[in-house]
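Please examine the sequence and the structure that follow.

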Amino acid sequence: MDQAFQVDLRGVVDLLSRHLYSSPRVYLRELLQNGVDAITARGDGPGRIRIETGAELRVHDDGIGLTETEVHELLATIGRSSKRDELGLARHDFLGQFGIGLLSAFLVADEITVITRSARGGDAVRWTGFADGRYRVEPGTRDEPGTTVSLRPRLGASDWLTPATVTELAATYGELLPVDLTVDGRRITAGGPPWRAAYPDPGRRHAALDEYCRRVFGFAPFDAIDLEVPEAGLTGVAFVLPQPVTPTARGAHRVYLKRMLLAEDVEGLLPDWAFFVRCVVDAGELRPTAGREALYEDELLDAARDALGRQVRQWLVRLSETDPARLRAFLRLHHLGVKAMALRDDDMLRIVDRWLEFETSAGPMTLAEFRTRHRDGRYTADVDEFRRLAAVSGAQGVALVNGGYVYDADIIERLPAIDPDAVLPPLDPSELTSHFGVLDPETELALRPFLAVAQRAVDPLGCEVVIRDFDPASLPALYVTSRAARHQAELREARESADALWSDVLGALEGTAAVSDRPQLVINHRNPLARRITALTETGLIELAVQALYGQALLLGHHPLRAADTAVLNRSFLGLLDWAVHDPAPEDQ
């Protein structure tokens with residue numbers, strides 16, 4: 001014999017409070033939803049919901065009401081949907097479901113009373129439900145069709161039913177509802193979404209939306225973007241933040257479903273790159289999750305998200321065409337978001353190329369301007385590399401763009417997508433040495449003994465010493481490493497940490513490197529100090545001085561220091577200090 005499950009209502013309420021709803025505050029939203037659905041089902045007017053506070057909370061609506069049979073079907077059965085369908089209460093234009101919605105009231109009350117009279121005819125019915133799972137149905141008293149739900153607060157939940165809290169919750173959830181909503185006679189509904197209201201002129205509309213943004217989000221927006229996705233029944237407005245935010249900032253949006261607030265902090269409504277806007281939208285077709293506090297991820301939400309992203313992008317395109325000064329102001333605030341868009345969108349890439357300034361060795365300028373002025377320009381994908389090479393490359397006539405910030409290098413590499421001629425190659429630092437001046441043969445011949453000693457001083461460090469003549473003259477030495485040299489350095493580090501077998505394999509690979517692949521310590525013969533060092537004749541002093549130049553070049557160039565580099569730096573410093581203060585021998589006096 002089949003048996004019915006026995007439902008422990010207290011357990012169900014505990015489940016709702018712990019796992020379905022984030023807070024007991026949703027009880028009022030559920031009661032409002034039931035009232036709006038009943039008014040929608042009746043369909044003969046805008047309808048009215050009155051809330052009265054006091055010893056108990058009463059929520060009145062003039063909706064379709066219920067017969068005694070419907071009371072049993074809807075209020076005493078958990079999870080049954082077929083009867084709701086028959087009664088016309090499960091169509092897509094309704095907000096919620098009578099049964100599960102009413103159960104949420106048990107989050108704040110141990111006893112719920114429903115007095116209802118059906119517009120289809122019949123007498124009034126009184127239904128009383130208790131948190132322990134009991135209920136009773138008896139004749140009620142009500143002259144007009146509609147429903148009244150009454151709650152007495154449970155122990156410890158009375159704060160949720162105070163006049164101030166009820167008014168706040170009613171305003172939060174229901175201010176945009178298409179019904180006349182009041183709390184203790186005070187009107188709550190404000191005439192619908194402000195972005196759909198009629199205004200005398202665009203200036204009044206702009207001011208009204210600014211004021212709405214201040215009230216809802218607490219900031220005066222940089223601008224407001226109208227949003228519309230017909231297939232999702234969505235309208236709304238995106239407010240552009242007036243201050244910079246990080247790309248990882250949580251983009252929380254205010255979402256209404258059929259003008260009832262779903263939640264104030266919905267994520268995932270817009271693409272991740274649109275972190276610089278906060279939205280308020282009302283949607284008729286998007287699906288809520290079971291707790292009706294977030295949006296259900298499905299194909300419709302994906303399509304709506306893409307459509308909203310396009311509309312934010314189109315706003316930027318219009319701004320670039322109609323108000324460049326305002327676009328520049330926006331880019332100063334939210335360049336990271338636009339850069340993120342430019343990685344996938346050619347229109348955004350054109351905006352970045354034309355309007356967004358990048359750091360270059362010739363000063364801040366846009367990429368388009370940089371390419372026009374510097375046909376043979378280069379870029380570097382590392383901020384430290386840019387800083388150590390900008391002055392040197394500029395002095396050699398090679399302009400450099402700093403592509404080391406977030407998205408910059410990727411954007412530069414994507415430029416040919418909008419213009420095949422917009423090619424900006426990366427800089428290999430070893431290229432710079434080809435622009436340095438070489439010494440005359442006589443000077444080079446005279447410096448050979450010095451070079452031999454200098455090379456022995458840094459040879460254990462895997463470095464090659466060369467002497468060149470270049471600007472700026474204030475720089476005594478430059479440490480230059482090519483891509484191949486960096487690769488060899490990584491091989492050496494891996495070999496040192498590998499086991500014997502892999503150490504031999506990596507050693508064989510390292511052994512194939514050409515001498516020219518080694519990093520170079522380029523001593524600047526144009527620098528007075530460097531020339532005095534090259535004039536030294538004492539072997540020990542030459543070694544100390546060259547090692548000191550090596551360490552200083554590493555530090556100035558923000559290169560990582562290995563243990564061997566640190567040891568050489570300390571040894572050269574102490575050696576030079578000892579040489580500077582040593583007592584001369586008697587015969588030297």
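How are H15 and H19 oriented to each other? This is a predicted model, in which local features need pLDDT of at least 70 and side-chain atom pairs count only at pLDDT 80 or more, while totals for chains, interfaces and linings use all residues. Residues are numbered from 1 along each chain as its sequence is written, and side-chain values use heavy atoms, with hydrogens and water left out.

Helix H15 (residues 448–458) packs against H19 at an angle of about 60 degrees, and their axes are 9 Å apart. Axes are lines fitted to C-alpha atoms, for helices over the stretch in contact, and angles run from 0 to 180 degrees between N-to-C directions. H15 and H19 are therefore oblique to each other; angles under 35 degrees count as roughly parallel, over 145 as roughly antiparallel, 65 to 115 as roughly perpendicular and the rest as oblique. Helices (H or I, at least four residues) and strands (E, at least two) are DSSP runs, numbered from the N terminus.

Residues of H15, including Phe450 and Val453, meet residues of H19, including Ile542, Val546 and Tyr550, where contact means heavy atoms within 4.5 Å. The contact of H15 with H19 comprises eight nonpolar, two polar and two charged residues. In this division Ala, Val, Leu, Ile, Met, Phe, Trp, Tyr, Cys and Pro count as nonpolar, Asp, Glu, Lys and Arg as charged, and the others, Gly among them, as polar.

Rings of Phe, Tyr and Trp (its six-membered ring) pair if their centres lie within 6.5 Å; planes under 30 degrees apart count as stacked, over 60 as edge-to-face and the rest as tilted. Because Tyr479 lies in strand S19 (residues 477–480) and Tyr550 in helix H19 (residues 539–556), the pair ties together parts that are 71 residues apart in sequence. Tyr479 is buried, with a relative accessible area of 11%, and Tyr550 is buried, with a value of 0%; buried means under 20% relative accessible area, exposed over 50% and partly exposed in between (1.4 Å probe, protein chains only). Elsewhere, Phe222, Phe275, Phe276, Trp315 and Phe330 form one aromatic cluster.
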